[in-house]
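Here is a short briefing for a reader new to this structure. Please look over the sequence and the model before reading on.

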Amino acid sequence: MLPGQREYAAFDEESRRLYAELIVHGLDTWHANALEFHFAGGSDRQGTPWPTPLAAFLSRAPWIPQTGDDEDAPAFTTAGQAWWWAAAEAPPAFLSVASAALRRRQSDRVLKRLRLLGVRRWDSAETASDRLRHLPALLRRMPRLRQGRLGHLLGRAYEQAWSDLLPLHETRTGRHLGHLPDLLVSRTGTLDAFPTGPETEPVYVLDVAGTQNRRLLNQVPVPVLPIDDRALGQRIHAHLAAQGHHSVRGASEAEVDIRVDLLPIADAPRAPLLTLAGPWLPTLLAALVEFDDDRSIRPKAPTAHHVRRRLETCGAVSAQTAITHIAGHTLDDSGDDRSLLHDEEEPCVVILCAPGSSDWHVLQTASAALSTLAGASYLATSVRLALIELERRGRSVADVTDSDIAAVVGIPLQRLEAVLADRASIRSGSARLVPLLACVAPDLADELRRGQEDLHDRKELHDWLVSRLGLDRADHLLGLVDDNDWQRKLSTLGVSLSEANRVWETLGLPTVDNSETHQRQFQAWLQQNRGQLADRVRDAYVTTYKAGAPLTEYVRLRSLPGLEPDPCWGLAHWNLTPDRLDSHTETWAATRLPAAPERSQPPFPVAEIHEECVDTVHTLLPRLRARMEAWLHRQGREGLSLPSATEVASAMDAEGLLDFEPIGVRKLIAWLQTHRHWPEGMPATDRAADLGLNDPPPLTPTTPRDGTPLPTTPGPSIFLNGRALPVGPDDLRDLARRIAADLTPDQLAASPQPGTPSAPVLPRQRATSGDASRGGGYRAVPRDTQKDRAVGLAGEVAVAAWLERQFGVPREQSWKSGLRQYVFADGSGDDSLGYDFLIHDGDHTLLYEVKASTGDRGEFELGESEVELASHLRPDETYTIVYVSHVLNSNHRRITPLPNPFSAPGLAGYRVVGTSMRLRFELPPGRSEPSP
């Protein structure tokens, strides 16, 4: 028994509230048998659960304090009458629920035990039927809930209760609900508790086809369930009708009659609907239906054929006034422009617009009726917005093209094929012939465009063309219709791209823009010529450099801003010739660069000077660091720590100081002084005598017992061909140089074509550990990030040289990853691209991701950016993984291109290892055996 249980009836209100909080705390901490125990005996070996005396008290006593605006609700109630609000947001004011002080103590265990006691959770599907009874009763007690914001919230809660009772994917035909004494209904926007019974007036429920009627019913005094979800309304209608306690009708069953301009709808003058626009209108509606983001969850989504047939057989009536009769009530629909669908014997769209309205305004006004006509009333807003966007594109209602429709729907033109397949112009080929015919006979093309839907097959099109051009010319043109290569078709006709686009633009036809091809061709040209352009920009600023002036403008211009293909080229040329690109570059240079000074001999290329300067920084900076530390120690001072050689070279490059002439120790020290990296008072020299220092004796390499020499520099190291090399940040450039020099002709001659690897039949054995939750049970070995970085750099250096040998593209142009910073120190690397190298090869873009290993495990991982890119390539892109095995062993090193695992043949040849994107494969046999 609970302490205080006997005295509870004598507690005052505050004591009861505190007692309730203690009870909820206990529900979270009491032992498992506090509320029920199992009695076993006889044949009942498992036992039957029985409530404890404590559970009996908590189930019957009014111990739960309530909060809410319901004045008739008691301050304390029993578990069976209480509502519990478990959501984080505050409950609606009209709802009486357990007090906030109790709800703050809720946990999963508390909620489970409250349910055992009979407390109902408002957000639980189990309480849906209770909510459906509670809300109408609540409305009877609180009439102020009929309208306004609280009325809106009440209606939404009622709809949610029905949704919980009849979920979308419920497989049972009807969950037990029992008799509902009242239904919550709306009459002209005011909520009411409607008594149920077969003899009462019918209650209308929104159904799939009843959107328009529901809008009209809301304006007349008939009971309508406040349900806005059409699919849910359909389920509610079926459920209530099956119970037989209620007189219910679908909104689509309401009788509707329309009089327009004082005439019955049957007598009103009408025209075919498509005369308001053209054959493109069914395509637009069908595309919106077909490519609706929520199509998969739409109830009975119409097909493209159904949409087209409905629009092609529908009439249209334009009027200024309309009187609508629905469910025995009359609506005088005066006011704003609007549209209605009268869908009795023959469908007819009624459009109410002011005289003189534009064609586009008439169509936009008809958007609600058009979407209802198509069987997709939920798309009324989408139809209206699409029509508004078409008007903004500057088209007349008669000149909308398939390209316009694809643009406003937000899909590629090719995806419209599913919608266009049943059009006569597609079946016959007339739609494809129009732009081709325009190149040789513009007048005939215009005639064909206006009547293209009247030619139903290829034979009719052939006969039409023969009658106007003769047999030979007709056969010649029709032979080109199914060719998708516009360059080949126009070349066959002897028509240039600029001439064709000029005619197409005159006729309002889509033009062919070759800008994407030009961009790829331009980038390929730029990869080969960027070095020469860099030299030219540098030469124009030699005078500025020698004068010691800031090089800010030079640094900006060396990235070649504004040097892009001319946008006009895309409509005039198929390919960019070297002469056109050279001329374009001359124009750019003449308008952007100052005149270069006369020089007696040509200067060295920027690439050579820059590399020499970076070498100088890496050579001198360790020496300067040692001198600085020794001098500071002699002075008894603590000084600054110099940045790494890579950081210094990058900073100097950002100022443009490494492109003009080789630098020496004086210039390097002067830069360090300017940037406050040189100790104050320390002479600007590296000579030990001038600094009052003695040169230390050179370090003698020590040799361990196995004979392998150790590095002279302390810190992490790797072994290249058995020789230890340091891999600190300042050592990576030397490592890159050694790897480049270590590559053999056979390694550089490896084919760039990826082959399909062989998937291992049996997994290799790997050590296990206690942590088997990652990587399918593979042990997480501690990683040395500095060594990993060195191995990765070695692999990318090898691939950089290999790609330069294969494609002739300088490595500084193709290398895109962040590791290039340790070689070029130019601050241009990016590890988030998803690839390490990029080659523009004509119209193709080749992307390479490097994976290096010190052995030949044949295993690598793909990071998030790599998976994202490899699985979402553009049509012109090819993604290749280059695996460099034995990257630190010249005798066994191999460069192996591998296919993209996300393109054909996909994962063939790979085996996925673990749950991350770890792939394993077998290296093909090579000329050398792997090391043991």
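This is a predicted model: local features need pLDDT of at least 70, side-chain atom pairs count only at pLDDT 80 or more; totals for chains, interfaces and linings use all residues.

Residues are numbered from 1 along each chain as its sequence is written, and side-chain values use heavy atoms, without hydrogens and water.

**Helix pair**
- Helix 19 (residues 458–469) packs against helix 20 (residues 471–478) at an angle of about 135°, and the axes are 7 Å apart.
- Helix 19 is therefore oblique to helix 20 (angles under 35 degrees are roughly parallel, over 145 roughly antiparallel, 65 to 115 roughly perpendicular, and the rest oblique).
- The residues of this contact (heavy atoms within 4.5 Å) between helix 19 and helix 20 are 8 nonpolar, 1 polar and 3 charged.
- Among them are Leu461 and Leu465 in helix 19 and Ala474 and Leu477 in helix 20.

**Ile258**
- Ile258 lies in strand 12 (residues 256–260).
- Ile258 is buried at 1% relative accessibility (buried means under 20% relative accessible area, exposed over 50%, partly exposed in between, with a 1.4 Å probe and protein chains only).
- Leaving aside neighbours within four places in sequence, Ile258 has contacts that include Pro264, Ile323 and Leu340.
- The C-alpha atoms of Ile258 and Leu341 are 9.4 Å apart, and the two residues are 83 residues apart along the chain.

**Cysteines**
- The count of disulfides (pairs of cysteine sulfur atoms within 2.5 Å) is 0.
- Cys439 is buried, with a relative accessible area of 15%, while Cys568 is exposed at 56%.

Key
Helices (H or I, at least four residues) and strands (E, at least two) are DSSP runs, numbered from the N terminus. Axes are lines fitted to C-alpha atoms, for helices over the stretch in contact, and angles run from 0 to 180 degrees between N-to-C directions. Ala, Val, Leu, Ile, Met, Phe, Trp, Tyr, Cys and Pro count as nonpolar, Asp, Glu, Lys and Arg as charged, and the others, Gly among them, as polar.
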